[in-house]
Amino acid sequence: MLGWLGAWRNRLRIHQAVKRGLRLGRNVRIIGRCEFGSEPYLVRIGDNVTVSFDTAFITHDGGTWIFRNEAQYRGITSYGPIRVDEGCFIGARCIILPGVHIGARSLIGAGAVVTRDIPPDSVAAGVPARVLMTRQQYIDKCAASQQRVASQGKQETLTTLFSEFLDSP
């Protein structure tokens, strides 16, 4: 009912992050709420990228708080920029950690925790995220499944496709 309010709030949050230095390329889709943290100016997202809901871009290691007040460690912090190159897809509820570079045309599976760089044209998932296959292998796998669903008539197509599951108790 109040979905428009959430969408408006998300647009406002993105606008504020951009004002604070977040760099977004052309045709970037951010679906739902995403978190750009306290240093959005350390995040760069390339052209034609989709970022799904509840993804967090974390540009610092907050764990340094536990020792940074000790004399020998005073002021130690850990920050790192995050770069997502063009044509990537970041799945729902991913966490991208400091210093990570996600290469062009890569796909990050839902729930992944990305702790290191992902090469271009890769599919990565897991905790921590690791490369599972190439982009082309993923395309071939999806094409082999023969599940082609247009946005028009989507519910009807999916209901027919999964009727056995939907009809079971």
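The mean positions of the 21 positive and 14 negative charges of the protein lie 7 Å apart, where Lys and Arg count as positive, Asp and Glu count as negative, and His and the chain ends are not counted; each charge is placed at NZ of Lys, CZ of Arg, CG of Asp or CD of Glu. The model is predicted, so local features need pLDDT of at least 70 and side-chain atom pairs count only at pLDDT 80 or more, while totals for chains, interfaces and linings use all residues. Residues are numbered from 1 along each chain as its sequence is written, and side-chain values use heavy atoms, with hydrogens and water left out.

Along its principal axes, the C-alpha atoms of the protein fill a box of roughly 65 × 40 × 40 Å. The protein has four helices and 13 strands (DSSP runs numbered from the N terminus: H or I of at least four residues for helices, E of at least two for strands). Of the 169 residues, 30% are buried (buried, under 20% relative accessible area; exposed, over 50%; partly exposed, in between; 1.4 Å probe, protein chains only).

Turning to the strands, an open sheet is formed by three of them in the order β5-β8-β11, with parallel pairing. Its edge strands, β5 (56–57) and β11 (113–114), each pair on one side only. Two strands pair if DSSP finds at least two bridges between them; β5 and β8 (residues 95–96) are joined by two bridges.

Two loop residues complete the picture. Ser 106, in the loop between β9 (101–102) and β10 (107–108), is buried, with a relative accessible area of 1%. The side chain of Ser 106 reaches the backbone oxygen of Pro 119 at 2.8 Å. Apart from neighbours within four places in sequence, the contacts of Ser 106 include Gly 87, Phe 89 and Asp 121 (contact, heavy atoms within 4.5 Å). Glu 86 sits in the loop between β6 (82–84) and β7 (89–90) and is partly exposed, at 39% relative accessible area. Between Glu 86 and that Pro 119 lie 12 Å in space, C-alpha to C-alpha, the two being 33 residues apart in sequence. With neighbours within four places again set aside, Glu 86 is in contact with Gly 46, Asp 47, Val 49, Ala 104 and Arg 105.

Conventions:
Polar contact = N/O pair within 3.5 Å; in protein donor to acceptor, adjacent residues only side chain to side chain.
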